[in-house]
Amino acid sequence: LNEGEITTLWVGNVPPGTTDEEMAHYFRPFGSLVCCFLLKKLSHKGQMSGFVRFATRMEASIALDTISQGNIVINGSTVTSKWASQNSQPLSNPSALAAKGLGAAFAALPQADSLAPPPPLPGGEDVTTLWIGNAVAGTADQELTSALAPYGNLVCCFLLKKLSPQGQLSGFARYATQLEAARALEA
């Protein structure tokens, strides 16, 4: 993968209740997916959005062209898309984690049954994405990943490149389950 080249699309107008796997199903025909996920928070119009990262810019470009022509309909809704400002980072592949030296962190996780999950939100959605703030300028995505990996199975984790007015970085970490996100939030 060419890390400097944007191969991630933001995808919008996805119907509520669509799963990450359902969305991935519609994008696999365009190429090799590196990362594909939906954000849990609905837009002001009641729709979901998310990110799809392809292995190459060409694959992403073909998918974007197809979406621009109105040819991708997910669960009855024609989706919209544009280039993301940065690439999503894939983290759910255990072999990729091991290659980055993160596999050992998962062996030392506390037993999940010792923690009670937080109560569900109204509407039944589980919060699995955390906003991360006040990261020191110059912190790398890999450093954030290393710090958060002990709390659970990270699906995606990255820092935004733009500094806050206070000179800090912010970003997002998405866990596979609500329990893992709660564990990280309480740490």
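**View 1. The largest pocket of this predicted model has a volume of about 440 Å³.** A pocket here is an open set of points on a 1 Å grid over the protein atoms alone, where a 1.4 Å probe fits, with protein on both sides within 12 Å along at least five of seven lines. Its volume is the space filled by probe spheres set on the points, which are joined across faces, edges and corners. Local features need pLDDT of at least 70, side-chain atom pairs count only at pLDDT 80 or more, and totals for chains, interfaces and linings use all residues. Residues are numbered from 1 along each chain as its sequence is written, and side-chain values use heavy atoms, leaving out hydrogens and water.

**View 2. The largest pocket is lined by 22 residues.** Lining residues have an atom within 4 Å of a point. Phe 37, Leu 39, Phe 51, Phe 158 and Phe 172 lie nearest the centre. Strands E6 (80-83), E8 (154-159) and E9 (168-175) each give two or more residues to this lining; strands are DSSP runs of at least two residues, numbered from the N terminus. The largest share, three residues, comes from E9.

**View 3. Three strands form an open antiparallel sheet in the order E7-E9-E8.** Two strands pair if DSSP finds at least two bridges between them. E7 (129-136) and E8 stand at the edges with a single partner strand each, so one side of each has no neighbour in the sheet. Six bridges join E7 to E9; among the residues involved, Thr 129 has Arg 174 of E9 as its bridge partner.

Key. Helices (H or I, at least four residues) and strands (E, at least two) are DSSP runs, numbered from the N terminus.
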